[in-house]
Amino acid sequence: MSGKVSFDFSGTNVMVFGGTSGINLGIAESFARSGAHVSVVGRKADKAEAAAAQLADIAPEGVGAKFYTADVRDLEAVEAVYASHDADVGKVDVLVSGAAGNFPALFNQMSSNGFKAVVEIDLVGTFHVLRAGFEHLRGPGASVINISAPQAEIAMGLQSHVCAAKAGVDMVTKTLSIEWGAKGIRVNSVIPGPIDGTEGMARLAPTEQMRKAVINAVPLGRFGTPDDVAQTCLFLASDAGRYVSGAILPADGGWLAAGARLGF
Ligand code: COA
């Protein structure tokens with residue numbers, strides 16, 4: 001492959017909500033590896049602390065990493081995280097909103113609470129993270145990335161709650177690209193494809209036969225890695241992405257374009 005790219009985020013502060021595991025931790029790691037000070041926010045303190053320790057090991061000497069705890073459904077808790085981050089670290093250059101919840105359920109068998117739980121984590125949580133975060137962004141120049149899902153763009157059975165919530169997230173992205181663009185802040189969504197080793201993939205494709213079916217549905221012919229998604233985020237947050245805002249960008253090997261089929 002030609003055109004080798006390496007991003008330099010030294011001197012910047014990155015916050016990743018939901019960055020304590022899976023794809024979001026992969027995004028946090030790639031920013032740390034590129035020199036950024038990274039803070040992760042999760043619901044569970046022990047998991048968040050372990051993630052921050054891992055990030056501090058990756059980050060360049062003396063840069064470090066921090067963790068905070070909040071449930072994104074709780075606006076006051078999210079505000080408290082930003083206040084602490086402001087005092088500990090300072091303004092936010094890159095904000096990644098990635099906290100999400102999911103479970104497979106038929107619409108007719110879902111309770112009101114079940115539907116609400118996902119909408120409140122994915123959509124209302126994104127509202128809280130961005131609404132409370134705005135005043136802490138280093139603007140102009142800050143970059144906001146919402147982690148969306150193929151369900152935002154394409155219907156999937158057993159996923160009516162996620163489809164509704166993530167479609168909402170992408171419309172928030174587009175709306176804020178208008179409202180915040182005027183203030184020099186870019187807002188984009190990234191849609192991860194089927195990423196190997198994640199909780200979601202283990203649940204959606206638990207058998208070897210199902211894994212093969214997913215791979216066959218990806219035009220590039222392989223599962224993605226967390227770093228595949230992270231590199232897209234680094235690009236968006238970097239100077240190379242300076243004219244990109246309001247974009248809904250899949251990092252998925254063409255999976256969504258081909259119908260994002262799971263093989264069943
Ligand atoms: N099937 C059907 N309904 C479910 C469910 C499932 N697998 N999991 C949760 N629910 C329902 C609950 O029954 C409850 O509704 P009820 O009060 O009518 O019974 C409602 O959702 C809230 O569930 P609860 O477990 O109390 O909520 P929570 O806030 O602790 O967690 C989730 C909600 C979505 C995070 C939880 O389902 C979960 O832990 N999912 C797996 C982890 C995950 O989502 N990882 C992210 C992958 S993208």
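The model is predicted: local features need pLDDT of at least 70, side-chain atom pairs count only at pLDDT 80 or more, and totals for chains, interfaces and linings use all residues. Residues are numbered from 1 along each chain as its sequence is written, and side-chain values use heavy atoms, with hydrogens and water left out.

**Exercise 1. The packing of α1 and α2**

Task: Describe how helix α1 and helix α2 pack.

Solution: 
- Step 1. Locate the helices. α1 covers residues 22-33 and α2 covers residues 45-58. Helices are DSSP runs of H or I, at least four residues, numbered from the N terminus; strands are runs of E, at least two.
- Step 2. Take the geometry. The angle is about 30 degrees, and the axes are 8 Å apart. Axes are lines fitted to C-alpha atoms, for helices over the stretch in contact, and angles run from 0 to 180 degrees between N-to-C directions.
- Step 3. Classify the angle. α1 is roughly parallel to α2 (under 35 degrees; over 145 is roughly antiparallel, 65 to 115 roughly perpendicular, the rest oblique).
- Step 4. The crossing of α1 and α2 is right-handed (the near helix is turned clockwise from the far one by less than a right angle; anticlockwise is left-handed).
- Step 5. List the contacts (heavy atoms within 4.5 Å). From α1, L25, A28, E29, A32 and R33 meet A51, Q54, L55 and I58 of α2.

**Exercise 2. The setting of K166**

Task: Is K166 buried or exposed, and what does K166 touch?

Solution: 
- Step 1. Helix α5, residues 160-179, contains K166.
- Step 2. Check accessibility. K166 has 5% relative accessibility, so K166 is buried (under 20% relative accessible area; exposed is over 50%, partly exposed in between; 1.4 Å probe, protein chains only).
- Step 3. Find the partners. Beyond neighbours within four places in sequence, K166 contacts A100, D122, I147, S148, A149 and A152.

**Exercise 3. Aromatic pairs**

Task: Classify the ring pairs F7 with F9 and F134 with W180.

Solution: 
- Step 1. Count. The structure holds 4 aromatic pairs (ring centres of Phe, Tyr and Trp, its six-membered ring, within 6.5 Å; planes under 30 degrees apart are stacked, over 60 edge-to-face, the rest tilted).
- Step 2. Take F7 and F9. Their ring centres lie 6.3 Å apart and their planes stand at 40 degrees, so the pair is tilted. F7 is buried at 18%, and F9 is buried at 5%.
- Step 3. Take F134 and W180. This pair is tilted too, with 4.8 Å centre to centre and 45 degrees between the planes.
- Step 4. F134 sits in the loop between α4 and β5, W180 in the loop between α5 and β6, so the pair ties together parts 46 residues apart in sequence.
- Step 5. Compare accessibility. F134 is partly exposed at 28%, whereas W180 is buried at 8%.
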